[in-house]
Structures are given as structure tokens and as C-alpha cells.
Amino acid sequence: MGPRQVRAEPTRNETPRDVATEERRSLGFRLDPRSETPLYQQLFDTVVERARSGAFPSGFRLPPTRNLATELGTHRNTVVRAYAELEHAGFVSSTVGRGTFIRPQASAAPIARAAEPTAAIPWSSLVSERARAEPFERFRRIGRQVARGEFVNLTRMQPSPDLIPDDLFRRCLDHVLKSHGPRAMGYAPDEGVPRLRERIAEDLVRQGVPARTEDVLITTGSQQALDVIARALVDPGDTILAQESTYPGALRIFAAAGARVESVIADREGPSMAALSGIGSRGRVKAFYLQTNHCNPTGTCVSEARRRELVRFSREVGVPLVEDDYAADLELEGGHPPPSLRALDGDVLYTGTYSKKLIPALRVGFVLCPAAMREHLVALKHTTDLGTSMLLQHALAEFLERGLMVPHLGRMRAAYRSRRDALVGSLEKHLPKSVQFDVPVRGVTLWLRLPKEVAPEAVFEEARRRGVLVSPGALYGVDGTSVGVRVTFCFEDEARLVEGGKRLGQAIDTVLAKKKLKPSAEGTVVGML
């Protein structure tokens, strides 16, 4: 179907000669029947674009629906719907007997020139001590060194765009909008949308984590889950225990809450129970933060025996366990991890997210909380954001209800496994022998253990110069030190991971050469975690 020319209709006060002149004027509307965009939407978009650009000024009269339909060779209902949508959106106004007219469009307000300050605000003296806490300074120091440019990025902990099920999720979102309409666009209940809480409880049971709907509090990502837990438990000066190398986002949350974070050394089975002896002499200990299944950054998994010991420790000294299971469901070799702490003790605060295995931009996480903590966490969550997006909660619930999660996970695991193997193969080939690592069986990170003589930040800087980004251990150590480098394999494809491993090996060789240590041509792989 070719383009149709459209003639505008005369207003009531025009003379017959004016009418004839106006009828000969073409508006140049074009509809493409081959486009996936519905015809009424194409017409709507065209009128909106012209109204906003000023091509159709305020008061401009659009042709009657019947005339415009004839000119476009389309059904009148198409034009009627487009006009109705335009009026509903506030772009036109219609009056029976007179016609449809463009409404005035808002113009930008003039920009006033800011007054010259009479005195500088002393911002440096106003910033709180918590905002200046060491984990924040550490993050800012390293973050400033990452310049824009083309890098093989081995730091991003999110799926690459090709692994995000955008088409499937769009169908779920469309269904929510069609079935719920504006009801899905209001504020969500404080605890979260009930249907999503039910689906998450069911999804956790599938994973072997006991959960009831009433235990689930929806949060804006698992980051907010940790934040409300910290706000609910910590008074300034209280102590939080954590694995000696752990998630830096949690360290910053605890610092912002005014907590003192104390590291607990670990052995091959997890946090050392000997290191936890005498806990009562360490001040007010409010929680022990743990990533039991795949610790970020080290990839270590706490053994079942050690988990049971940790639960006994928690009960004996009255220190709650906070279990961050951010990498749930990302098993790369089949099988299952040991029972969760939450499965061993219903008083464990268990947090999770859909960012690593589904869509980061959802910002939907959750916390399973004991009944005694529920009202406190709900009140604090509501205070921080007034509720997680109800629209996205309904869409995620729809995704889960349609049974789309399990097939999607199969695709994700296969892709992550292939990418892990590509990176491991490259590291085995290019890393010096003095650098060791374990091959992860779950999650999306791999930890390189460096010789004590090599500074992780020196490796980070040399790798950056060679076009590959890695995360130095300083980001993860509770005390600001950790002799290692973390790399991820979820964001880049196999070819770029191979190249990244090669560049990283060259970078470490350069750092070793500067230390006058002899590099080797072969890497070492130690066991499987």
C-alpha cells in the first residue's frame, strides 16, 4: 500500500474558497501496513511528532475521521481509535459538531541564571563520617581508575544482552498491562504483591529452601534487603561478622549503618569455628553475614558440616545469620549445593535476587525473615522507597506462573558453563605457574590467588593498560587487603573471554618481571570447588 495524501478540513468560519484551498493541502501522512506497529499507533505517533515540533500549532484542526480514513485507504475505526488515544493522552480536544483540534503544548521554562554565591558551602566538613568510611573511600579510589574505552570486561556481574529473555518478558509485561491496566501502576503493598510472594515461595521450595508466602518480603533488589536488615539490627558501633573476603556492596551497607565489620578467617570448609570462640568479648555482635554457596569473590562453598556448626554457634551466642544466596540456581555441573542455612534454621535471614539469573534491571529481590523481625523490616523497607515497582512485580509473577524460569535457567547454565570453560582454558594457557585458581562449579566468578609479592592493584592497573578489566582484591577484603584478583565470565562471550585471559596473563607476567620473579609459560588449576 503506497502513501496516502491527507487534506485538512475547514473550520466553521472558513469561506467556500478557503475550504477548497484547505482541501487541496496535503498533510503527507503515511501508514505502513507491513510494519509491526499497528496502524492506529502509527497515526498517533505521526500526529504527536508534528504537534510537539510545532508543525501542527495549537488550534490546528485535524481532518474528520471518515475523510482521513478514505484518504489513507484504511478503516474508519483505525482513525477513530487513534483520535481517541490522542485525546486521552491530552494532545487533542474534540467537540461534537466542530471537530478535533490540537491542544496547546507545554513550552520549556526559561532557564534562570544562578545567582553568584556570596560564600562557599563547606561541603567537605558537612559530609558524614559514614559517607567517608573506609569501604567507600576504597571503592572511589579504584573506581576512578576505570576509564571509558574498549575493554574486555571481566568485572561485570550480569548476564550479557543476548542472554536476557527480553521477548518473553515483554509478553508477560504486555499481558499485565492488558489484564490489570492502571491498577498495576500504583503503589505496591509494603510486603510486595501477593501473587509474586506466592510464586517466590514456590520457587524457593523448588530449590530446597523452605519458604511460606508470609515469610517473603519483596525488596528493590537484594541490595535493599541487606540495607533494611542492617538498619533493623545495627546501632552505631555494633559489630557485624563477615567472611574475610566478601561482597563489597555489603561492606558499604554495614559501614553506612555505622557498624564495625570484623573478618572471620576461613579454611577449606568455610568460616573457622576456632576464630569464632570468645565472641562474647567482642562487643555487641549483631549478625554474621555469609555467602554460603558461592562467595563473592572467592567462589568458595561452605560445607554442610560447617553450616550445621554455624547454626549451633548462632543459637548458642544469640547472633543471627544473614545468608546471601545471590547466585542461587546457577549450578554449572548439575547437582545441588548443601542445604541452605535457612533450611537448617528458620531464624536465618535469607536474601535472594533475580539479577544474575534473569534480568538485572528488574531490581526485584527478597528476604525471608523470621516472624519477630517482619514488621520492623517492612516498616524500614517502606520508609526507603514506598514500595518496589508493582508493574515489574506483576510481570515477574507472570513469568514464573507461565513456567518460563526453569527452561530459561537451562539456557543460562549452558551459556555460563561454556563461557567459564573458555576463560579457564585461556587462563591455563597464559597465566604464570605461581598464580593458582579453582574451577567454580556454580556462580559466575573465578578467584585468582596471586603470589604474596604481587600487589593486586598493580595487576589491575597493568591489565587495564592492556585493555582488560579485572577486580583487585582490595575491594573485597574486610580489612582492605586480599591477595587475589576476581574475574567474571557471565558478561563477555567465549572469544572475548579467551582474549581477556591472554591479556591478563601478559599483564601478570609484566608485573612479575618488574618484581624480578621468573614467570612460567603454564598455569595451574587446583581441584574443583
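**Surface entry**

I looked up Ile121: at 48% relative accessibility it counts as partly exposed (buried is under 20% relative accessible area, exposed over 50%, partly exposed in between; 1.4 Å probe, protein chains only). This is a predicted model, where local features need pLDDT of at least 70 and side-chain atom pairs count only at pLDDT 80 or more, while totals for chains, interfaces and linings use all residues. Residues are numbered from 1 along each chain as its sequence is written, and side-chain values use heavy atoms, without hydrogens and water.

I placed Ile121 in the loop between β3 (99-102) and α5 (123-126). Helices (H or I, at least four residues) and strands (E, at least two) are DSSP runs, numbered from the N terminus.

**Sheet entry**

I traced an open sheet of seven strands, in the order β5-β13-β12-β11-β10-β6-β7, with mixed pairing. Two strands pair if DSSP finds at least two bridges between them. β5 (216-219) and β7 (260-264) are the edges; each has a single partner strand, so one side of each lacks a neighbour in the sheet.

I then checked β11 (321-324) against β12 (349-353): they pair in the parallel sense over three bridges. Asp324 stands opposite Thr351 in β12.

**Helix entry**

I found α9 (221-233) packed on the sheet, touching β5, β10 (285-290), β11, β12 and β13 (365-368). Contact means heavy atoms within 4.5 Å. The direction of α9 makes about 155° with that of β12. Axes are lines fitted to C-alpha atoms, for helices over the stretch in contact, and angles run from 0 to 180 degrees between N-to-C directions.
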